[in-house]
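Please read them with the coordinates open.

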Amino acid sequence: MRNNLKSSLLLALVLVMVSAIFAVSPARAATTGSVVYSSATETEPYYSRAVKLGNGNILATFTRKFPGNAGWAGMQPFPFYQSTDNGSTWSLLSQIDPNAYGLNRDQQGMTTLYVLPQQLGAYPAGTLLFASTDWNNTVPQTIHIWRSTDNGATWQLHSSMAARGTAGTQRTWEPEFAVTADGRLICYYSDERQPGYNQAIAQEISPDGGLTWGNYQIIIGNSADFNWRPGMPRVVKAKNGTYFMFFEMLGAAPNFAVRFKTSTDGINWGSATDLGNVVGTGIYRASQTPEVAYVDDGSANGRFYVRGMTDVVSSANKMFTSADYGATWSEIDAPLTVKGSNQSTPAAWSGTLLPLNNSLLLEVNSVKVGNRTEIRSNIAQINGDSSIANGAVYKLVNQNNSLVLDNAGGGSPAGTQVIQWNDLGLNTQWWRLNYSSNGLFRVTNINNNLLLDDPDGSTAPGAFVQLWTDNGLDTQQWKFSYQGNGLYTARNQHSQLLLDNAGGGAAPGTRVIQWTANGLDTQNWKLVRTDTEIPVNQLESFNIANSFIRYQNGEAKLDGGQYSAESQWRIVGGLADASAFSIESAASPGAYLRHKNGKVWLEANDNSTLFKNDATWYIRTGLASPWAASFESYNIAGSYMRHRNGLLEISTLTTPLDQQDATFYLK
């Protein structure tokens, strides 16, 4: 990352909903979790790390100031915050001041935090290691390590490693610890010191728990291509014994993609020029500064969860997951909503995904809030290929009749019975799911802030479900159990009865009841996220690097304007067909790319059938790359958007060059 970062500029999305009948919801904002750290004077904290301690508490740390360069000043000691309630609240536990050890804290950053899983040398399981990278050119080593034997309450300098380059200014970055299969501590890091390499990922091994280091080896890098800049290694070990290293890769297509490689022992990773596999679904992919979690959820392979800083995803709420060791990936809700940033606003810059158990995933990350970046945390209940983010807003769609859970009217008072209705897109049908404990959620209607409730604590099958003020009782606690295919049952904690649609094929307006579990689809509910944020993308040419689709005087063209407002797009539901897509200008909402007379133009939607057809596209897997996209015209089958002589047009494709011209990376 650092000074080579070429992040996407994401434009703010403002959602305004006005209704004469239904109140405007104050709760459609993105899920931003609990505050770990916020400061009016230190507005750019980043690089958050978190671990679970042996006593069950969570310890988190971060770098307090951004960016890291040779001239910065004003860094304060590294803080360590502790949570005893799964990340809901945090308190300052301790600090490390590098100045107290003869080091310059203004030249420290990009830290890591690690708990020894077993005894290594003289240090027992549970010993904490904290490491920082040092870019002070007068210091002989570039990585410093501290240890704690009391869960982070106190610290002492443990060792230093990674000698500075011969020119004195070359540096290392981003240390990451693991234990090798033969029981030695290993440190992976990004290395700028080696002749011929822009940057490589290297490793060193310690035989004595991190006191001394050796066995230096480059494991990812290419001295024959100075564009290569692999970095940000994150390593986890799966239950089959395989080590997985996830890293960002700059300088190889698809640029900035998060990739992974595997090792049987944590030491041997194959050829250094083998870049492994990309994390993503094809068009969508993880990008930059990976955060990674592996959960043994009882399935055959366990499950990986991965997200990056500037992910190309269908929503800023999403992360990637895989249950087949990375062979395939899908998108699910992430605990936090974070948006990629540029170097002046370090939101989402290298956070941590931390499994708390096999069903809860904590994220600690930097989140842009107003005019500052804050360190925040949030949890999600993970359920295989689905998840429920704490505090997120969902529609509950009944599997049997496809009707949604509804509060029966804007501003409905306490005691109103809950019904099902057709999906109106109104906040009477939006529900915030707040995790409480032991797999239980409170379900709050966004329109009136009343909770889904078992009236009077009834245990009788057939009792109607109501809305009520928050009373803290178990009548307002619901356990969501995953049934597969995005479907859940919701069991009331007090009655132990399930939320039910009151009969197969129940009509709109039917009141919702509780009933004993019967395995029928009337008790299955699909959770559909409503507080999603459509990301802003750039569309980069596959065969002309750093050239992007933009518009000028209404004409669509291709040039180097990545960061201009005219090159920012939202991929939205198709104007002519919701199963297809339209490409809306982020700078000019309501204006879309459409074809006309063989050329591609940006024009405002006039709501005509012809415009909607011309402005609708099928997104196909990239004709020249599986990690890119091609856009086929909705109403002229076989014709694709492509560039020619710097302009955008549609045409049929007959040659490999045609296919390359019609292929674009989403960024």
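1. Basis. This is a predicted model, in which local features need pLDDT of at least 70 and side-chain atom pairs count only at pLDDT 80 or more, while totals for chains, interfaces and linings use all residues. Residues are numbered from 1 along each chain as its sequence is written, and side-chain values use heavy atoms, with hydrogens and water left out.

2. Strand E3. Strand E3 spans residues 58-63, and six of its six residues are buried (buried: under 20% relative accessible area; exposed: over 50%; partly exposed: in between; 1.4 Å probe, protein chains only). In E3 both faces are covered. Ile58, Ala60 and Phe62 lie on one side, and Leu59, Thr61 and Thr63 on the other.

3. Neighbours of E3. Strand E2 (residues 46-52) pairs with E3 in the antiparallel sense over five bridges (two strands pair if DSSP finds at least two bridges between them). Here tyrosine 46 stands opposite threonine 63. The E2-E3 hairpin has five residues between its strands, and glycine 56 in this hairpin takes a positive phi near 90 degrees. E3 also pairs with strand E4 (residues 78-83), again antiparallel, over four bridges. There, threonine 61 faces phenylalanine 80.

4. Tyrosine 47. This residue belongs to strand E2. Tyrosine 47 counts as buried because its relative accessibility is 1%.

5. The open sheet. Four strands form an open sheet in the order E10-E11-E12-E13, with antiparallel pairing. Strands E10 (172-179) and E13 (214-220) are the edges, each pairing on one side only. The twist averages 25 degrees from one strand to the next (axes are lines fitted to C-alpha atoms, for helices over the stretch in contact, with angles from 0 to 180 degrees between N-to-C directions). Strands E11 (residues 185-191) and E12 (residues 200-206) pair over seven bridges. Tyrosine 189 stands opposite alanine 202 in E12.

6. The largest pocket. About 900 Å³ of space lies in the largest pocket. Of its 27 lining residues, the closest to the centre are Tyr114, Val115, Val235, Val236 and Leu354. A pocket is an open set of points on a 1 Å grid over the protein atoms alone, where a 1.4 Å probe fits, with protein on both sides within 12 Å along at least five of seven lines; lining residues have an atom within 4 Å of a point. The lining has 18 nonpolar, four polar and five charged residues (nonpolar: Ala, Val, Leu, Ile, Met, Phe, Trp, Tyr, Cys and Pro; charged: Asp, Glu, Lys and Arg; polar: the others, Gly among them).

7. Aromatic pairs. The whole structure holds 32 aromatic pairs (rings of Phe, Tyr and Trp, its six-membered ring, with centres within 6.5 Å; planes under 30 degrees apart are stacked, over 60 edge-to-face, the rest tilted). Tyrosine 46 and tyrosine 47 form an edge-to-face pair, 6.1 Å centre to centre and with 80 degrees between the planes. Tryptophan 135 and tryptophan 173 form a tilted pair at 5.4 Å and 35 degrees. That pair links distant parts of the chain: tryptophan 135 is in the loop between strands E7 (128-134) and E8 (141-148), tryptophan 173 is in E10, and they are 38 residues apart. Both tryptophan 135 and tryptophan 173 are buried.

8. Strand E25. Both faces of E25 (residues 386-389) are covered, with Ser386 and Ile388 on one side and Ser387 and Ala389 on the other. E25 pairs with strand E24 (residues 372-383) in the antiparallel sense over four bridges. Two residues separate them in a hairpin, and glycine 384 in the turn has a positive phi of about 65 degrees.

9. Backbone checks. Please look at the alanine 253 to proline 254 peptide bond, which is cis, with omega near -10 degrees. Proline 254 lies in the loop between strands E15 (243-250) and E16 (258-263). Asparagine 438 is not a glycine, yet has a positive phi of about 50 degrees. Asparagine 438 counts as exposed because its relative accessibility is 67%.

Technical notes
Grid points are joined across faces, edges and corners, and a volume is the space filled by probe spheres set on the points.
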